[in-house]
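Subject: Structure handover

Hello,

I am passing on a structure for you to look at. Please open it first and keep it on screen while you read the notes.

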Amino acid sequence: MQKQHFRPFPQRTFGGYKNNTIMEDKKITASESLKVIELMIRDSRISYRKRDAFPFLLWSCLIIAASLLSYVTIETGYGEYAEWPWIILMIGGGILTFIYIGFKNRSDGKNMNFAQKCASTLWLSFFISMFLLYLMAYYIRPFNFPALIYMITGLCTFTSGSIYRFKPFYAGGIVFWSASLAFALFNLGHWGLLLNIPVMFFGYMIPGIMLIRKAKNYV
């Protein structure tokens, strides 16, 4: 009778291949070892894709447009309509973003690696937080909305720099934190609308364009 080895722990699988315990006497083949290593490399690999820059370019353009339109309405004596550009563009941007997220998750599916899953979850939580902040800003006044939104945006952008190993995101995070500090310390009034333009340009738009260029050269 063939002697059976005692296995105190259940077997686990990694990428479809059994990861045997120390007391397991079975040995995997060289080809199986290579496939396991390839799966580990793929899971830790950073991939740069052009469509990852879409949310950064979209929201930088929307916020710059909303800021300019609101500023113009205030300066021309129609201040009571200053919120409408924000309402219309933010709702439209939110719809486009969720369509994008749904398309991205459906197309990527199980091919998303760990870094991509982290980034996707981070920015999904960001948009949920922004929605809650919009509600609070509308119903709770006075409310220093720009300082809070730029603080959270800086956190997510800076963290994305670590996930993607992409230095422009670090710089973008610092830009947003600086803007948050400016809105918190100074009463900018409607001049803060003009401050949104360079903040979004250097915090979102420039890193987004650089990400597209990075994707073109990425192999």
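The notes below go from the whole chain to single residues.

This is a predicted model, in which local features need pLDDT of at least 70 and side-chain atom pairs count only at pLDDT 80 or more, while totals for chains, interfaces and linings use all residues. Residues are numbered from 1 along each chain as its sequence is written, and side-chain values use heavy atoms, with hydrogens and water left out.

**The chain as a whole**

The protein chain has seven helices and two strands. Both kinds of element are DSSP runs numbered from the N terminus: helices are H or I with at least four residues, strands are E with at least two. Read from the N terminus, the order is β-β-α-α-α-α-α-α-α.

Of the 219 residues, 36% are buried. Buried means under 20% relative accessible area, exposed means over 50%, and partly exposed lies in between (1.4 Å probe, protein chains only). The accessible surface of the chain is about 14300 Å², and carbon and sulfur atoms hold 68% of that surface. Such areas come from the Shrake-Rupley method with a 1.4 Å probe; for residues, only the protein chains shown count as cover.

A contact means heavy atoms within 4.5 Å. Among contacts in the chain with a separation of 6 or more, 67% are between residues 24 or more positions apart.

**Helix 5 and helix 6**

How do the axes of helix 5 and helix 6 cross? Helix 5 (residues 145-164) and helix 6 (residues 167-185) have axes that come within 7 Å and cross at roughly 165 degrees. Axes here are lines fitted to C-alpha atoms, for helices over the stretch in contact, with angles from 0 to 180 degrees between N-to-C directions. The two helices are therefore roughly antiparallel to each other. The cut-offs are under 35 degrees for roughly parallel, over 145 for roughly antiparallel, 65 to 115 for roughly perpendicular, and oblique for the rest.

**Aromatic rings**

A pair of aromatic rings is described by the distance of the centres and the angle of the planes. Rings of Phe, Tyr and Trp (its six-membered ring) pair if their centres lie within 6.5 Å; planes under 30 degrees apart are stacked, over 60 edge-to-face, and the rest tilted. The count by this rule is eleven aromatic pairs.

Phe201 is partly exposed at 33% relative accessibility, and Phe202 is partly exposed at 48%.

Ring pairs also join Phe56, Tyr150, Phe166, Phe169, Phe176, Phe183 and Tyr204 into a cluster.

Thr73 lies in helix 2 (residues 54-75) and is buried, with a relative accessible area of 16%. Leaving aside neighbours within four places in sequence, Thr73 is in contact with Tyr78, Gly79, Tyr81 and Ala82.

Leu62 is found in helix 2 as well, and counts as buried at 14% relative accessibility. Not counting residues up to four places away in sequence, Leu62 touches Leu89, Met90 and Gly93. Leu62 and Leu89 are 27 residues apart in sequence, with their C-alpha atoms 6.3 Å apart in space.

Regards
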